[in-house]
Amino acid sequence: MDTNQYTINTSFLDFAVSLANLEEDAKAALTCRLYKKQYDKGELILEKGTVCNRIYFVDSGLLKTFFYTETREFIMRFFPEGNMFTVLDSFLTRQPSSYSILSLEATTLTCLNHDDLEALCARYHSVETFFRKLVSLAAVNMMDRISSTLEEKAQGAYQNFLKEHGRLLQRISLADLASYLGITQVSLSRIRGIK
């Protein structure tokens, strides 16, 4: 799930409050269940074939969600600071993930475990509202990603990436950008050379 329009949020709690009006006791209960994890550049946060048990908020760093086919890698999303994400299908169904998550930089995440979220949702309607809105936002963002992948030509997809995520250009490799756009590096070089 991509939450780029919410990058003004500086913490997991800020993000949650931006989606739902959490009462003070719900905020306190949520805060008690949040914890930080740090990852080195190149470290897997989630490996394909394991169940995604957490919702993550990126305090610092950059990650990618991706999968491999027999011939290539496909990057679904990049997640810089201020974004909240999970592998939604695995998180909701409790089934092994088809995706992996990798840190592209040294990264600090704030995490919330699935079971803790479930307990909070059962106790606080406002936390349930936060989660419902988070899932809705993820669905809308995934629909946008699918539409842009299916409808856009490579040059338009590149221009769109620059417009929406241009600040990431200096932080990701050209190979990762090509994978995200669904094109080869040779095609990306050609597109970048067009003035």
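Colleague: Which helix is Ala 154 found in?
Modeller: Ala 154 is found in helix α6, residues 154–165, where helices (H or I, at least four residues) and strands (E, at least two) are DSSP runs numbered from the N terminus. This is a predicted model, in which local features need pLDDT of at least 70 and side-chain atom pairs count only at pLDDT 80 or more, while totals for chains, interfaces and linings use all residues. Residues are numbered from 1 along each chain as its sequence is written, and side-chain values use heavy atoms, with hydrogens and water left out.

Colleague: Does Ala 154 count as buried, exposed or partly exposed, and why?
Modeller: Ala 154 counts as partly exposed because its relative accessibility is 26%; buried means under 20% relative accessible area, exposed over 50%, and partly exposed in between, with a 1.4 Å probe and protein chains only.

Colleague: What does Ala 154 touch, not counting residues up to four places away in sequence?
Modeller: Ala 154 touches Ile 183 and Ile 191 on that count, a contact being heavy atoms within 4.5 Å. Ala 154 and Ser 189, which are 35 residues apart in sequence, are 11 Å apart in space, C-alpha to C-alpha.

Colleague: Switching to the largest nonpolar core, which residues have the most contacts inside it?
Modeller: Phe 12 and Phe 130 have the most contacts inside that core of 24 residues, a nonpolar core being a set of buried Ala, Val, Leu, Ile, Met, Phe, Trp, Tyr and Cys residues joined through side-chain atoms within 4.5 Å. At least two residues of this core come from each of α1 (12–19), α2 (24–33), β3 (54–60), α4 (114–123) and α5 (125–151), and α5 supplies the largest share, 5 residues.

Colleague: And what is Phe 130 in contact with, leaving aside its neighbours within four places in sequence?
Modeller: With those neighbours left aside, Phe 130 is in contact with Phe 12, Phe 15, Ala 16, Leu 19, Ala 20 and Met 84. There is also a second, separate core of 19 residues, which includes Leu 104, Ala 178, Leu 181 and Ile 191.

Colleague: How do α1 and α2 cross?
Modeller: Their axes come within 11 Å and cross at roughly 145°, where axes are lines fitted to C-alpha atoms, for helices over the stretch in contact, and angles run from 0 to 180 degrees between N-to-C directions. On the α1 side the contact is made by Phe 12, Leu 13, Ala 16 and Val 17, and on the α2 side by Lys 27, Leu 30 and Thr 31.

Colleague: New topic, the open sheet: what is the strand order?
Modeller: The 4 strands run in the order β2-β7-β4-β5 with antiparallel pairing, two strands being paired if DSSP finds at least two bridges between them. β2 (44–46) and β5 (73–80) are the edge strands, each pairing on one side only, and neighbouring strands are turned by 30° against each other on average, direction ignored.

Colleague: Which helix packs on the sheet?
Modeller: Helix α7, residues 174–181, packs on the sheet and touches β4 (62–68) and β5, its direction making about 110° with that of β5.

Colleague: Last one, how many disulfides does the structure hold?
Modeller: The structure holds 0 disulfides, a disulfide being a pair of cysteine sulfur atoms within 2.5 Å. For Cys 32 the nearest cysteine sulfur, that of Cys 111, is 16 Å away, and for Cys 52 the nearest, again that of Cys 111, is 9.7 Å away. Cys 32 is exposed, with a relative accessible area of 68%, whereas Cys 52 is buried at 0%.
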